[in-house]
Amino acid sequence: MKRSRLVFWIFFAPVIMWLLLLIVLPHLDLLTMSFRGENDYGDMVWTIENYMNFFTEPVYWLTFVRTALYAIITTFITFLLAMPVSFYIAKLARTRVQGALMILLLLPFWVSELVRIYGWMILLRESGVLNFFMLKLGVIDTPIEMLYNDATMIMGLVYTSMLFMVVPLISVMDSLDDSLIEAAHDLGAGHLTIWRTIIIPHCKPGITSGSIVVFMLALGNYLTPNLMGGKNSLWFTEQIYNQFIASFNWNQGSAFGFLLLILSSLIIWAGLKLTGQKLGEVAS
Amino acid sequence: MTNDLSVRNMVKRFGDFTAVDDVTFDVPTGSFFSILGPSGCGKTTLLRMIAGFEGPTSGAIEIRGKDMLGVPPNLRPVNLVFQHLALFPMMDVAGNIAFGLKRRGFGSAEIKKKIETMLERVGLPGFGNKQINQLSGGQKQRVAIARCLVLEPSVLLLDEPLGALDLKLREQMKVELKKLQAKVGTTFIYITHDQSEALVMSDHVAVMNNGRFEQVGTPQELYGKPATPFVAKFVGDNNIWSGHVTQQIDDHVLVSTDEGYSFRTKAHGSCGDGNRVDLFLRPEAMRIEPRNKEGLNTFNVIVKSILFDGANSRLLTVTKEDHELLVTLPQNRKFDYIEPGNEIAIGWHPESGICFEAEA
């Protein structure tokens, strides 16, 4: 009895250490830091000034609204693209092709995100591959700048998050009995109705968990918006970075960090409420 | 009499494999038609072609006189009850039954009325708000049938829907399905590998083997006058003797079995003089210790064991040449004295055996 408890603690210790040292402690430190600030005499005092700044300075909360909105759009586009892809892999492709397709999906993720984004930049920039061929073929006369706008940034975000939507969708679609689709077809439903009434309701848990992951990844992404979005599409993570590194205002930065955590959790909570789901059901 | 369904020269090939091989049949309006065959005989493929999920390689399907080739399943006036029922777990019972009605654009008041009438008809009044996983096996069955019948299809197709039920419930559902069909008058086409299901419920049964129809007829015809050795073997139990024809007398033949017995029996047309033949004999055709042996084929057997199964009890017996035979043991207490090891006399009437030319 005593022995087994010892073994339990030995195996459990790394997990607890990980959570405590790398997640709980830094967050506690950030939390206290976010409530500290200098008063008029330059002394450090307790204050909620850092949080108030977010609401009183339009540039801060507008950036957040923009970030959240684009993250939602990214999630939605990813969902629209991932749905037919996962349906094809789970239901239409033959077993052997299935594995190959999954590997093709995974392959880009063996390369770091930074390299992938640079790959896109080489393709899309003014002197890039795409412009070169379009000029050669005579489609355009002068090169077009395809980088540094919102559309390209969203495309980059969708590209980065695709896998995290496709994988949960494939696993829920695998569990969908083909005869349900046939039964619906037999009872007079067309393709659109089958998607609306059978496939999507069945895939709801997968859609929700995929959406949460993609939304969080898009919201917390730093590289893609920074490199592909250029200077005039500011992402909230860049605000946090600026506070920490550029302004050296750690107190303001940690307040922003906590606001991002709280507000994104609120958005997910609202999303779950709207679709009538519980987090526990999604996770299982 | 009109036909609800006509199938003409239907062929379906998957690569080199011929699943359905030149099948032709008609199903009269309002009848209960079964297709009986072992698994892998092509019966499900045939049903899926009627429902529209597969296209035939060649041949024609007509439903109520309308050609159905190229018509997708959602536009055909047939509905299919799936093997595993395929009820929609994301909807309640009423939602399942309303599904097809909504697709046809009925108003919500009318849908509600139809659901209630239909639930009453299948014996589940007030079940509309139940979830699918709250239902028992038999109730799910009825919801699956109600979901199709509410659309008033010309033909209702059933793909072994009783397969997943336990024995007791299956016996019960057999009778209920038959009653339901008589009540609603819809044409049922029922697929099964269980001969008792087919025999009990159907007006007509087609026996299918290797993609072909061996025989189409009433259950009595299949049992009493099998057209091929396969039907004789597949429908009901049969004892088989091998031998050759020694003499032909009208439609009867004298058969000398390999064990040396000489039997007089009814014969299928193809049994010529001297041909190798298989003689089929039902367990209940054999009488134990017949009092009047006049005109009977008689021989002696030794009882090996008694297979007691209530009204369906049999004796497992062997001739002295070690040929095993099943003999029906009537439960009228007359034969209670029989014990394993006894030697008894067996007699059977020439009309109750049937002889086919032996398969090469």
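Tutor: Let's start with a term: a residue counts as buried if 20 or more other C-beta atoms lie within 10 Å of its own. Keep in mind that this is a predicted model.

Student: Okay, which residues of helix α2 in chain B are buried?

Tutor: In α2 (residues 93-103), that goes for Val93(B), Asn96(B), Ile97(B), Ala98(B), Phe99(B), Gly100(B) and Leu101(B). They pack against α3 (108-121) and α4 (137-149) of chain B. After α2(B) comes Gly105(B), with a positive phi near 80°.

Student: How do I read the sheet in chain B: what is the order of its strands?

Tutor: Two strands pair if DSSP finds at least two bridges between them. Here six strands make an open sheet with mixed pairing, ordered β6-β7-β8-β3-β9-β10. At the edges sit β6 (78-81) and β10 (212-217), each pairing on one side only. From one strand to the next, the twist averages 20°.

Student: How many bridges join β7(B) to β8(B)?

Tutor: Five, between residues 155-159 and residues 187-192, and the two strands run parallel. Look for Leu157(B), which stands opposite Ile189(B) in β8(B).

Student: And which helices lie on those strands?

Tutor: Helix α1 (residues 43-51) of chain B lies across β3, β6, β7, β8 and β9, at about 150° to β7(B). Then α4(B) packs on the sheet too, touching β6 and β7. Its direction makes about 170° with that of β6(B).

Student: Over in chain A, how do α1 and α12 cross?

Tutor: Their axes come within 8 Å and cross at roughly 115°. The contact has six nonpolar, four polar and no charged residues.

Technical notes:
Residues numbered from 1 in each chain as written. Chains lettered and ligands numbered in written order. Predicted model: local features only at pLDDT ≥ 70, side-chain atom pairs only at ≥ 80, totals over all residues. Axes fitted to C-alpha atoms, helices over the stretch in contact; angles between N-to-C directions. Helix = DSSP H or I, 4+ residues; strand = E, 2+ residues; numbered from the N terminus. Nonpolar A, V, L, I, M, F, W, Y, C, P; charged D, E, K, R; others polar. Buried ≥ 20, exposed ≤ 12 C-beta atoms within 10 Å, placed from the backbone. Contact = placed C-beta atoms within 7 Å.
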